[in-house]
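Please open the structure in your viewer and keep the sequence beside it.

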Amino acid sequence: MSWLLRLYPSAWRRRYGDEMAALLAGERRSPRLVLDLVAGAIDARLNPQLTPGSVPEEGDTSMRSLLVSCHRSSFTHAEMRASALWMIGAAAGLPTLAMVLRTLLDDRTLSDALLYGSFPMALILASQASLLRPYSRAARIVIVVAALSVTYLFFVGITLLSEII
């Protein structure tokens, strides 16, 4: 897991690298830990300076306190409601967009890929209002756009493969 530290800027690695490597040695590997490290790297690159509100306790800039602030075990009602609205809106909007694309394009591959991928893409969009909420807005945007792109390209590939077979 320490290879993920290479995603961080060199100044950040000089300041926190040893402490972070020691923390990672004691952590159980999980998808959430990878997500935390990637989101942290995005934040470190887009916002190189720590902001006063980004640290849980005033003046505590240790890596443990910064990581703990990203691990949420529950969500507020407002976050659950926002996530549900994103899910419902995307679950209705993405297939509708796919149908509009189908009428506008002669090639059905792109519209079919959007139609087939609409549910996982809706989940990704909904996660930005709940699961990804502890991260900065910039990190959420980068993660969501990257996940949507990979998901869409996956379904484009599946659609092309199904046309060949």
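The model is predicted, so local features need pLDDT of at least 70, side-chain atom pairs count only at pLDDT 80 or more, and totals for chains, interfaces and linings use all residues. Residues are numbered from 1 along each chain as its sequence is written, and side-chain values use heavy atoms, with hydrogens and water left out.

**Aromatic rings**

A pair of aromatic rings is described by the distance of the centres and the angle of the planes. Rings of Phe, Tyr and Trp (its six-membered ring) pair if their centres lie within 6.5 Å; planes under 30 degrees apart count as stacked, over 60 as edge-to-face and the rest as tilted. The structure contains 3 such aromatic pairs.

Select Y8 and W12. Their ring centres are 3.9 Å apart and their planes stand at 25 degrees, so this pair is stacked. Both Y8 and W12 are buried, a term that means under 20% relative accessible area, with exposed over 50% and partly exposed in between (1.4 Å probe, protein chains only).

Next, select F154 and F155. Here the ring centres lie 5.2 Å apart with the planes at 85 degrees, so the pair is edge-to-face. F154 counts as partly exposed at 49% relative accessibility, whereas F155, at 16%, counts as buried.

**Salt bridges**

Side chains of opposite charge can pair when their charged atoms come close. A salt bridge is a side-chain nitrogen of Lys or Arg within 4 Å of a carboxyl oxygen of Asp or Glu. By this rule there are 3 salt bridges.

Select R32 and D36, which form a salt bridge whose closest N and O atoms are 3.4 Å apart. They are 4 residues apart in helix α2 (residues 31-46), a separation of about one helical turn. Helices (H or I, at least four residues) and strands (E, at least two) are DSSP runs, numbered from the N terminus. D36 is buried, at 2% relative accessibility.

Then select R102 and D112, a salt bridge with its closest N and O atoms 2.0 Å apart. R102 belongs to helix α4 (residues 77-104) and D112 to helix α5 (residues 109-116), so the pair ties together parts that are 10 residues apart in sequence. R102 is partly exposed, at 25% relative accessible area, while D112 is buried, at 7%.

R108 is partly exposed, at 44% relative accessible area. With the three residues displayed together, one sees a network of salt bridges linking R102, R108 and D112.
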